[in-house]
Amino acid sequence: MKPLQKLKSRTLVLDQDNIDTDQIIPARFLTTTQREGLAKAAFADWRFDADGRLRADCSLNAPGASDCQILVAGDNFGCGSSREHAVWALEQFGFKAVISARLADIFRANALKNGLLAIELGRPVVAWLRQHPGVELDICLEDCRVTLPDGASHGFNLDPFARTCLMEGVDALGYLLAKTDLIARHEVSQAGAS
Amino acid sequence: MSQTLFEKVWNRHLVQDETADAPALLYIDLHLIHEVTSPQAFTELQQRRLTVRCPERTVATMDHSTPTWSADLQGQRRYASEQAWEQVQTLMENCDRHGIVLHDWDSPNRGVVHVMAPELGLTQPGMTIVCGDSHTSTHGAFGALAFGIGTSEVGHVLASQCLLQRKPKTLCIRVEGELGPGVTAKDLVLHIIGKVGVDAGTGHVIEFAGSAIRSLDMEGRMTVCNMAIEAGARAGLIAPDQTTIDWLRGRRHCPQGEQFERAAEDWLSLASDPGAVYDREILIDATTVAPTMTYGTHPGMVVAVDQPVPMPADGTAARALEYMQVKPGETLQGRPVDVVFIGSCTNARLGDLRAAADIIRGRQVAPGVRMLVVPGSEQVRRAAEAEGLDRGFINAGAEWREPGCSMCIAMNGDRVAPGQTAVSTSNRNFEGRQGPGSRTFLASPATAAACAVRGCIADPRFLDGEPEVCIHFPSPRHMEARP
């Protein structure tokens, strides 16, 4: 996991609510045993037609789309299946952050564990972003703020623990393993209780 | 102080409480794994030279990528791809290497993870249960705190038997009154999601309570909790009661004899205390629920089968109607159907198959309709075959397959062709969920079977135009699967 402290990029907008993880990566790509090689699978049924040709009407295929590292989407982004492949596919496609007014729980948890910054902003700001695709945003994790091109800045909530992991590029497993004594004590106390 | 069911289970499993800086450390009693979401977690463990902390608390099955065709005479199975076969092999190797019990092809208990674990009594009230699968909420029907996790978290649980979690909020959905004749748990949960919305439960666990929930059998409760995630909640819970205890008694992994009675006493004490406070409460009237189906591309776009499809609320909904080729103002009844799927962790238990078989009995699957019946587990398959349900389906023109997730997620080769209309007892009607370009209408097993025999969307209560006196919806006790 690469450390992420600041991000400056143009946005790509998917102006739709309830984009589920089956859209982000269709289930037929889930037979893999690897994390890698999923960039092509990202939004595969949106980007490609039945014959495997790129769809011209899909914003993910537009010129310059691959330079956009910030994805702006409607409410309840990432709902549905818990597949972490959705996060891997988005990252491998080139996204480093996802902004929505409301993110699905499991998707958000998965994203933050992989260095994909998943944040919720207020509905009016997201509504504005949805209407203005391609604007350049400045995201700073140090003070948890997103700055718009006009200089207006908006704070976001990010769990301090997840924020530290993102900024330092570490995952939570090391922290968990350092708690082995506590875990063992809990196991002993539960064995005694039952 | 009064506590909710969720708070009681949560508190019992706190290894370390949350602070402003760090999430809580929650102990996990049971970790269910399958072939799709575990391989990368095992790779991570291997790379870090870690072992599985509690193989005895980890149980594996294979369900998503597995073919539902029987093995041929040489014992070969028809996998959808080389990669699907490799994935299943990888699970076998990982379980073997780490000493994890795997219910593989030879196990009499293999099945869809959320069907087989309760059957074996692995799922017990008051437990914390996780699985790399969003429908883990199913196990909440027993008063367990059960939720889906991603592959990174699968790795965390394998290595530490714990998860880092922020305490979620609580939402109580109270369903009062009696469900009408021919109205099932599936109709109820679709109705609920339609009322509260697909993100009402985000950040919450849902407790389903009220007289209509208490009068459901365990299978119905599992159907309801299974779809808590479709309302945005990672977990759905129902308080353990005598129905729960009776269902669990004698199951293989449950305590036995005197120990069971002691455990049962403890389980009954888990129910939310009188006066316990939830962050939110929603009241639902069960008497207004009719056989309900989805008409759009998420499980909150629902309508009673005999009611007109509402006007789209926004652009996203309008796009969904276009994809589904559904017009506002029309009823779903009479819409031609290509495929009917009876299966999935939502509705592939014995009671579900019986409900479908009751409709099929004495009738035929309509010409041009493909009906696929996929039992949820080997136990369900055997019980159904012992009653002759398989013959009933086959004689009516349906396909009777081996257990697995099958057409619910369409990973194993069982899928709906582009442009086809499917009525499915599964849980998700997302665009392309059952195959690229497929159109899915979610329904109860009774409704799905009615659609199969009519060849179009139909109300199971009035199958031949007259109220169906011959359709009996058995009382809860009779719908129980045997241990």
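How many residues does the contact take from chain A and from chain B? The contact takes 51 residues from chain A and 60 residues from chain B, where contact means heavy atoms within 4.5 Å. The model is a predicted one, in which local features need pLDDT of at least 70 and side-chain atom pairs count only at pLDDT 80 or more, while totals for chains, interfaces and linings use all residues. Residues are numbered from 1 along each chain as its sequence is written, chains are lettered from A in the order in which they are written, and side-chain values use heavy atoms, with hydrogens and water left out.

The size of an interface is often given as the accessible area lost when the parts come together. Chain A and chain B bury about 4700 Å² between them, and 55% of this lies on carbon and sulfur atoms; buried area is the accessible area (1.4 Å probe) that two parts lose on being put together, summed over both. Between the two chains there are 24 residue pairs in polar contact, both residues being at pLDDT 80 or more. A polar contact is a pair of N or O atoms within 3.5 Å; within protein, one must be able to donate a hydrogen and the other to accept it, and residues adjacent in sequence count only if both atoms are side-chain atoms. On the side of chain A that touches chain B, the elements giving two or more residues include α1 (21-24), α3 (85-93) and α8 (180-193). Helices (H or I, at least four residues) and strands (E, at least two) are DSSP runs, numbered from the N terminus. The most is given by α8(A), with 7 residues.

His186(A) is found in helix α8 of chain A. This histidine counts as buried because its relative accessibility is 9%; buried means under 20% relative accessible area, exposed over 50%, and partly exposed in between (1.4 Å probe, protein chains only). Leaving aside neighbours within four places in sequence, His186(A) is in contact with Arg12(B), His13(B), Leu14(B), Val15(B) and Tyr27(B).

Charged pairs also cross the interface. Side chains of opposite charge can pair when their charged atoms come close. A salt bridge is a side-chain nitrogen of Lys or Arg within 4 Å of a carboxyl oxygen of Asp or Glu, and 7 of them span chain A and chain B. In one, the closest N and O atoms of Glu44(B) and Arg35(A) are 3.5 Å apart. In another, Asp171(A) meets Arg48(B) at 2.3 Å, N to O. Asp171(A) lies in the loop between α6 and α7 of chain A and Arg48(B) in the loop between α2 (39-47) and β4 (58-61) of chain B, so the pair joins two chains. Asp171(A) is partly exposed at 28% relative accessibility, and Arg48(B) is partly exposed at 33%.

Within chain B, Glu153(B) forms a salt bridge with Arg234(B), at 3.4 Å between the closest N and O atoms. Glu153(B) lies in helix α5 (residues 151-160) and Arg234(B) in the loop between α8 (218-226) and β11 (235-237), so the pair ties together parts that are 81 residues apart in sequence. Both Glu153(B) and Arg234(B) are buried.

Helix α5 of chain A (residues 123-131) has Val125(A), Val126(A), Leu129(A) and Arg130(A) as its buried residues.
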